[in-house]
Amino acid sequence: MTRVGIMSMQRIANYGSFLQAYGLKGILEELGCTVEFVDYHPGKTLVSAERRIGTISKISKAARAIKIRAPLTERIRYISYKKNFGGKYYAYLGIGEEKNYSPEVDVLVIGSDEVFNCVQNNADVGFSPELFGEESRAKRVITYAASFGNTTWEALENYQVIDLVGAWIRKIDAVSVRDKNSGSIVKKLTGRNPEYHLDPVLVFDFVGKCREIPTEVPESDYMILYGYTGRFTDSECSAVRAYAEERELKIFCIGGIQACCDKFIDCSPFQVIAYFQHAECVVTDTFHGTILSIITHRRFGVFVRDKGYGNREKIIDLLDTLKLDDRIIDDLENVSEVINRSIEYATVDEEINYKRKKSYLYLQKQIEKMGSLV
């Protein structure tokens, strides 16, 4: 059996990071591989920021949650969720407290998620050469649906790392990206056209194959507001509240807590999918919140962010790829119109199934190339 290592964002405590890691592991196991997760050493951030790690980082996140104008019980529930995420769920990925640095594997798969997002102030990632395949002891290094996130070509120029990043990527045996921004950067850096593939949460058939997903949830008559804590503005929360009250729906926050929260849901990543399946609708401003809405066939609306930790590059590309551009909420007066707009999911599923096959073939091809090296 081919021994494969996955280097991803598997230790980032949020549902999207967990599910994309779990999904990619599942795909590779279906292809007959033994799979383990590989850790990287966070590098110094290129963007100046206070290096908040460990307890300091947790206190900072808790402080932000306490300031949100949501019921105190729900804020406490959110803090507990963040504190206990790893201890509860990392075992599903086969990872523990001990880090797995540079193991001897046949193939190292870098991705999915924002593994190439090197111009940011997140001290848990930073500018890490290992995320570009450096110091690996794998016989073959590839990427799958790797993303530069909101790192642009201009950002790489401003921080004078184009030559370095380009040299690293040119040494990777096969490059797969998940969005046009990332593909354009790789093309400029290397002269190579990367392959494009969907995020593993779309490629792995969670709804059809994952037995961990419960069939029911102990709630009804709710909508989901899915986003990072405090990122929905007061005006956005007011618009969501108006929509919910008009339809007599409770607002359940998942992933982060917001000012209009009726209840924060602290549950497993698999239960999250069940909550999406039974929701009346979803409002989100995240990449994986959008994907979870799609795989559960929900009506949904998306806010696109340009400021702070922006999401334009990945959200716009995803919606464009699946022809769901009409899900963008660009005017608070149109929240109801966007959410209530019907979606032809048969057409969306057809496109996803086509791209799923493409992803499996790419990974199978890269694994089979190991046979020629033996």
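Colleague: What is the relative accessible area of C33?
Modeller: In this predicted model, local features require pLDDT of at least 70 and side-chain atom pairs pLDDT 80 or more, while totals for chains, interfaces and linings use all residues. Residues are numbered from 1 along each chain as its sequence is written, and side-chain values use heavy atoms, without hydrogens or water. Buried denotes under 20% relative accessible area, exposed over 50%, and partly exposed the range in between (1.4 Å probe, protein chains only). C33 is therefore buried, at 4%.

Colleague: How many disulfides does a search of the whole structure find?
Modeller: A disulfide is counted where two cysteine sulfur atoms lie within 2.5 Å. The search of the whole structure finds a total of 0.

Colleague: Which cysteine has the sulfur nearest to that of C33?
Modeller: C33 takes part in no disulfide. At 19 Å, the nearest cysteine sulfur is that of C210.

Colleague: What is the strand order of the open sheet of 5 strands?
Modeller: Strands are DSSP runs of E, at least two residues, and helices runs of H or I, at least four, numbered from the N terminus. Two strands pair if DSSP finds at least two bridges between them. The pairing in this sheet is parallel, and the order is 9-8-7-10-11.
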